[in-house]
Amino acid sequence: MLWRRGLFRLWVVISVLWLIVAGAFATMDWRNHQMPIEPQYCKEIEPPERVANCEKSQAEGRVEVASRRQITVAVVFAPPLVTLVLGLALWWVAIGFRPRPPAASASR
């Protein structure tokens, strides 16, 4: 039985399924949280006494949406990568317990 090949193929299949499902949810989330207008456009849509508050809230909104999008990307891509790294580490540990093959005799 070829465990290494089988486990790698299992990881590929599960990762692709994860990326499809999580990517679909991330796309819906991405569309629901659009970037607010640029702060410099507040002067065109707000009365002069409210421009400072508008610019501040727009800048904060842009930072919040950008950080939310970064988290979404991390949630989509981190689980397959972490699983791969953990699998490789466990495989490396497991092969460390294999007995060494007997040394060829040097008396020939």
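Helix α1 covers residues 3-32, and at 1.5 Å a residue its 30 residues should span 44 Å; the end C-alpha atoms are 43 Å apart, which agrees. The expected span is 1.5 Å times one less than the number of residues in the helix. Helices here are DSSP runs (H or I, at least four residues; strands are E, at least two), numbered from the N terminus.

This is a predicted model, in which local features need pLDDT of at least 70, side-chain atom pairs count only at pLDDT 80 or more, and totals for chains, interfaces and linings use all residues. Residues are numbered from 1 along each chain as its sequence is written, and side-chain values use heavy atoms, with hydrogens and water left out.

## Chain and confidence

The protein chain has 3 helices and 0 strands. Read along the sequence, the pattern is α-α-α. Mean pLDDT (the predictor's confidence in each residue, from 0 to 100) is 83 for the chain, and 81% of its residues reach 70 or more.

Of the 108 residues in the protein chain, 15% are buried. Buried means under 20% relative accessible area, exposed over 50%, and partly exposed in between (1.4 Å probe, protein chains only). In α1 the buried residues are Trp 11, Ser 15, Ala 22, Ala 26 and Asp 29.

## The salt bridge

Which side chains meet in a salt bridge? They are those of Asp 29 and Arg 68, at 2.9 Å, N to O. Asp 29 lies in helix α1 and Arg 68 in helix α3, so the pair ties together parts that are 39 residues apart in sequence. A search of the whole structure finds 1 salt bridge (a side-chain nitrogen of Lys or Arg within 4 Å of a carboxyl oxygen of Asp or Glu). Asp 29 is buried, whereas Arg 68 counts as partly exposed, at 39% relative accessibility.

Arg 68, Ala 66 and Gln 58 are in helix α3. Each is paired below with a residue from elsewhere in the sequence.

| Pair | Apart in sequence | C-alpha to C-alpha |
|---|---|---|
| Arg 68 and Trp 30 | 38 residues | 8.7 Å |
| Ala 66 and His 33 | 33 residues | 9.5 Å |
| Gln 58 and Pro 36 | 22 residues | 6.0 Å |

Is Gln 58 buried or exposed? Gln 58 is buried, with a relative accessible area of 15%. Ala 66 is partly exposed, at 29%.

## The largest pocket

The largest pocket has a volume of about 380 Å³. Of the 16 residues that line this pocket, Leu 7, Phe 8, Trp 11, Thr 83 and Gly 87 are the closest to its centre. Trp 11 is also one of the buried residues of α1.

A pocket is defined on a 1 Å grid over the protein atoms alone, as an open set of points with protein on both sides within 12 Å along at least five of seven lines; lining residues have an atom within 4 Å of a point. Grid points are joined across faces, edges and corners, and the volume is the space filled by probe spheres set on the points.

Helices α1 and α3 (51-96) each supply at least two residues of the lining. The lining divides into 12 nonpolar, 3 polar and 1 charged. Nonpolar covers Ala, Val, Leu, Ile, Met, Phe, Trp, Tyr, Cys and Pro; charged covers Asp, Glu, Lys and Arg; the others, Gly among them, count as polar.

Methods: 1 Å grid on protein atoms, 1.4 Å probe; cavity = no way out; pocket = protein on both sides within 12 Å on 5 of 7 lines; lining within 4 Å.
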